[in-house]
Every structure is written in C-alpha cells, then in structure tokens.
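Have the structure open while you read.

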Amino acid sequence: MLNIFDGVLTERDWKRHLSHTFEVPDGATRLFIRLRFDPPVVDGIANMLCLSLFDPNGFRGAGHRGGAQHDVVIDGADATPGYLPGPLPAGVWDAVIDTHMVVPGTPCRYTLEIQTTDEPVAEPLPSTAPPSVKTPGRGWYRGDLHAHTIHSDGEWDILALLEAARARRLDFVTLTDHNTISQLRHIDALTTNDLLVMGGMELTTFWGHALSLGTRRWIDWRIRPGERSMPQIAADIEKEGGLFVIAHPLAPGDPYCTGCDWRYVEMMPGTARAVEVWNGLWHGDSNNEAALALWYEWLNWGLHLTATAGTDAHGQAPPEVRPGFNVVYAAHRDESAILRAIAHGRLYLSSGPVLELTGMSGETHTMIGGTLPRGAATIHARWCDVPANARLRLIANGAQLSEDIATPEGERTWNLEEGAAQWCVAEIRAADGEMLAVTNPIYFAPEE
C-alpha cells in the first residue's frame, strides 16, 4: 500500500506538528517512509523538518536530524536508528512532520511517501540477559549527562560513544538523544564493570531544550497551549522517577540553533531542580558564562538548584578538547544513586581538576549540596590536578569574596561571619578566565 502526501510550507507553518494519518493493513511486515523537502537552505539558514511516528498503540520513533531527505525502514527485527522495531499493528498510524525551522521568504515544498509490504522479514534475535556487573559503593564518580548518537543527530553509534567515555576515564555516561528512546532498547546490556550507562532523552522543544534523565518511557515533548505545558512535562518526568534538567538555557536560539534558548517564563526555573550551566567547552557557543550568572541569580532568589554539565557530544573530539564533566558523590555507582545525589547538589563540575568544598558551623559539618545553620562558618576547599597560573575563587551570593593563586595541589580555608552569605561556591579558573572547575553550593539556613 502506497500513500503520498505533499504540501507547501511558509513561515506561518514554523513550529507546528503536521499530522499525516495512514492505514497499515493486516499482514504488513515492513514499513518504508521517505520525507523530502526543498529548498534545504535559504540565505544560509537551513530548513529543519523532522519526523515523529505513532502507531495505534503510541510512539514508534522519531528522526530528529538535519538533511532534506529522511528515510525510515521498520520491520519486526530492525529499524532505522531513532525508530523502534517490532510488529506493525494494523490500523491508523500517524507520521507527524515537526517544523522546527521554516525559513521565511521562500516556500518549502515537501513530499511524504509511505509504503508497506508483506514480504517475509527476519525474525528478531532472542533477547539475552544483561551481564552481571559490580556496583561500587560510596565515592566520587565522574561522568556525562548529555550526549547524542546516530539515534538522533549524532555522528557516531552508541559503542563509539562508550569507547570515547572509557578513553576519558568516565565512570558513567548518559544516552540523551533528541525526542526518542530508541537508543535505550538494549541499555541494560551496555553497563560494564568500568562504565555505567544511564538513560534518558533530550526534549527538544520549539522554545527550549531539557534533559529527562533516568527515564525509559518516551516523554511527549510537544507543548500544546491549553493541553500540555512545560511544568506538566517536568511533572511527568518526576512521576517516572527521573530528573528534569534545563539544558543550555542561554545558548543561541533560532534560526541557528532551533529552539536551543530557554523561553519558558513559567519554568525560569519553576519546578526544575537542575540547570545545565556548562554545555560543551566553556568558551564554546553555548554562552556558559551567562548561564552561570543566571544560575547564581536563581540561587540568590533562595532556590536550592543544582548546576550540571554536559558535553552535548555528537561525535569524536580530539583528546586535547576538555569539556566539563560532573563529579558526583553518590552512595553507589548506579543510576538511581547518581541521580539522587545530583538532585541534592552533591557534585562539582570540572574539565580536569579535583575541587572539593566542605563547611562547618558549630557542630554541623557538611559538603556541597548541604546546609549549615546560621552562625559563623568555616569553609574549606581542597584541590589538585590544577594547571599553572590558575586562580581559586570563593563566590558568595554571586559576588567574589576571595581570589588566590591555585597551586597544582592545595587547600584553603575561609572564615565567614554570621549572615555573610546565603550560599557559597568555589571556582577554579585559568589565567584567561576559562572555568576549570566549579562546585555546587553550600547553603546557609535563613533567618527564622
């Protein structure tokens, strides 16, 4: 059975979900879909049309990637990355074109061809039990919370991503492809004794991106006024036991990075418990310095909000490239323990140096993420693996209280008077100001 749809899009069709329903007959074994559009680029800006696919039972995959031709093949045993293999239930399916970018000025013409066949196909391979792995106990674990593969717009497959993580001596890595969960099908078999593989997806909406960490079910990312809002999406992730993270909130947005800047006024930060302040390289194109300042402002509002890092890797990077990673103090090296520790702010962000921060007030001792009672306090930093000419800073309420030369390895103590700060963090920066490491806060109890 062959279905052909076509249409002409203008800027009025930008940021829409265009439904194309079609029938899959009984006995169909393989589905072919081809989306083509023209022009691919107008005045140096790319049109971006992506596909989301739904069968009568729900989500069957998404192809969030560039290019002016998208080809999809699905059968019982295999599927194009981004989509889910399995039997093709008879009934009404929906191929949705998500118009992330329709460049103004020149109409964009598209054709959507959908065909099913009943030819014999290979039987799916039997599933195997995941290997037994050791789960180390309490300690510091270094890893990535944001990475992409060929299941969306990445250039490498999952195994190449994992090998790169091992080469950087990470303890965990997270698969967060755009708007799909096909990368998670065999995730339980990917964790080994040297590397924990965690799940999630990047909700790549028209007005901002967010990470859903620790979830396995597809999270509907489509905002529909009066029906579905970003706070509702965040609540869905919490119900699934996941962690909602605002991603690269001040990255350049349309038209160069479609929807990359965070525009949800009701989620600035709303119920979000974490925000990605270090995306890729510190001096990259994500405006990390501005994101850090935004986070400091939110902390000044009295919020206990965790800062995270993510490489946002889409392919292999040279060894000398040093993005930021998360260094998490967790009870175990497993997904739930890592995410629980992140939610409580027990981590620092680093491109290499070790930077630990502790505090004491009276008889109370705490680490990053913890709260000290009101009163005079002692804050202690310990660091190592720091390059020459770096600077150590103590930041309180967003203002610099102290700056010192950071020796390659050392310790520093500060004495704070009662009421001197609501919160404090430590930073290590290179001589040119590039961030090398930053902690999450130690908080101080407010006045009663």
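Is C384 buried or exposed? C384 has a relative accessibility of 15%, so it counts as buried; the cut-offs are under 20% relative accessible area for buried, over 50% for exposed and partly exposed in between, with a 1.4 Å probe and protein chains only.

## Ground rules

This is a predicted model, in which local features need pLDDT of at least 70 and side-chain atom pairs count only at pLDDT 80 or more, while totals for chains, interfaces and linings use all residues. Residues are numbered from 1 along each chain as its sequence is written, and side-chain values use heavy atoms, with hydrogens and water left out.

## Cysteines

A disulfide here is a pair of cysteine sulfur atoms within 2.5 Å, and that rule gives a count of one. The pair is C257 and C260, with 1.7 Å between their sulfur atoms. The link is left-handed, at -55 degrees about the S-S bond. C257 is partly exposed because its relative accessibility is 29%, whereas C260, at 4%, counts as buried.

What about C108? C108 is in no disulfide, and the nearest cysteine sulfur, that of C50, sits 12 Å away. C108 is also buried, with a relative accessible area of 0%. Back to C384: this residue is in no disulfide either, and the nearest cysteine sulfur belongs to C424, 20 Å away.

Helices (H or I, at least four residues) and strands (E, at least two) are DSSP runs, numbered from the N terminus. Two strands pair if DSSP finds at least two bridges between them. On that basis, four strands make an open, antiparallel sheet in the order 2-9-6-7. Strand 2 (17-24) and strand 7 (58-63) stand at the edges, each with a single partner strand, so one side of each has no neighbour in the sheet. Neighbouring strands are turned by 25 degrees against each other on average, direction ignored; the axes are lines fitted to C-alpha atoms, for helices over the stretch in contact, and angles run from 0 to 180 degrees between N-to-C directions.

Within this sheet, strand 6 (residues 48-55) and strand 9 (residues 91-101) run antiparallel and are joined by seven bridges. L49 stands opposite T99 in strand 9.

## Helix 3

Buried residues in helix 3 include N288, A291, W295 and L299. After the helix comes G302, with a positive phi near 100 degrees.

## G310

G310 lies in strand 17 (residues 306-310) and counts as buried because its relative accessibility is 0%. Leaving out residues up to four places away in sequence, G310 touches D144, H146, E276, W278, N279, G280 and G324, where a contact means heavy atoms within 4.5 Å. G310 and E276 are 34 residues apart in sequence, yet 7.0 Å apart C-alpha to C-alpha.

## The whole protein

The protein has four helices and 29 strands, and 55% of its 448 residues count as buried. Of the contacts with a separation of 6 or more, 71% come from residues 24 or more positions apart.

The C-alpha trace spans about 75 × 55 × 45 Å along its principal axes.
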